[in-house]
Amino acid sequence: MKINSTYNKQIFGKKPILKCTLKRRDDQQKQNATLYLYDKKNPSDIDEVANLNFSPNFKRNFMSFFSSPYSKFYALKTDDTDEIAASCQVSKHFSPAFNSYNGVNTIIEEMDIDSNFVNSGFPLLAKIASDSYDNDENFILTSCKTDELPDLNKFGFSQSGYDNWVMPQRRYIELIDKAEKRSLIEYLA
């Protein structure tokens, strides 16, 4: 008799989520890139985050024992040079009914978009919107102020009354469609 264990099916370490094409801002050269989901419990992921050129906040939150165990850490890297075109930390939060954004929402805790690439945030935001859509979440919000990520309005985000960015569920599909067309996204997982 053969017994299948669920432990045999788990993947540890960074997981490729999607492949896409990015364009360099200076010479308009196209580059292939892959979006990865990092695992805070994997030693090779810890080593990679510590040694690559991630933003200081991304590194600190990834390495911290105090950051939420439910946070997800994504990085969009070029395939040939391992440059980090975009990275972010995402978590889920519940807002009570008396709040404008009631229910479970996706929160972009930290985000860094490399200005050397044209719209490198599109594939990353498409994945976040796709997950939020699949989980029937009402909003994607940022925990940072609008002046920290001024370009999010071109991806379909609006400024909220709390001076952060918000995207309602009705705009998820539009963002995903634009990103898939512009970045030639191919989902792997």
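Figure 1. Asp131 is buried, with a relative accessible area of 14%; buried means under 20% relative accessible area, exposed over 50% and partly exposed in between, found with a 1.4 Å probe and protein chains only. Lys127 is likewise buried, at 12% relative accessibility. The two residues form a salt bridge in which the closest N and O atoms are 2.9 Å apart; a salt bridge is a side-chain nitrogen of Lys or Arg within 4 Å of a carboxyl oxygen of Asp or Glu. Both residues lie in helix 3, 4 residues apart, which is about one turn of the helix. This is a predicted model, in which local features need pLDDT of at least 70 and side-chain atom pairs count only at pLDDT 80 or more, while totals for chains, interfaces and linings use all residues. Residues are numbered from 1 along each chain as its sequence is written, and side-chain values use heavy atoms, with hydrogens and water left out.

Figure 2. Helices (H or I, at least four residues) and strands (E, at least two) are DSSP runs, numbered from the N terminus. Just after the helix, Asp136 takes a positive phi of about 55°.

**Figure 3. A salt bridge between Glu137 and Lys92.** The closest N and O atoms of Glu137 and Lys92 are 3.1 Å apart, and the two residues form a salt bridge. This pair links distant parts of the chain, 45 residues apart: Glu137 belongs to the loop between helix 3 (121-134) and strand 7 (139-145), and Lys92 to strand 4 (residues 84-95). Glu137 is buried, at 4% relative accessibility, whereas Lys92 is partly exposed, at 34%.

Figure 4. The side chains of Glu48 and Lys14 meet in a salt bridge of 3.1 Å, N to O. Distant parts of the chain are linked by this pair, with Glu48 in helix 1 (residues 43-51) and Lys14 in the segment before strand 1 (15-24), 34 residues apart. Glu48 is buried, with a relative accessible area of 17%, while Lys14 is partly exposed, at 27%. Lys14 and Glu48 also belong to a network of salt bridges that includes Lys77 and Asp82. The structure holds 8 salt bridges.

**Figure 5. Asp45, a buried residue without a salt bridge.** Asp45 lies in helix 1. Asp45 is buried yet has no salt bridge, and the nearest side chain of opposite charge, that of Lys14, is 6.2 Å away. Here Lys and Arg count as positive and Asp and Glu as negative, with His and the chain ends not counted. Leaving out residues up to four places away in sequence, Asp45 touches Gly13, Lys14, Tyr38, Asp39 and Phe62; contact means heavy atoms within 4.5 Å.
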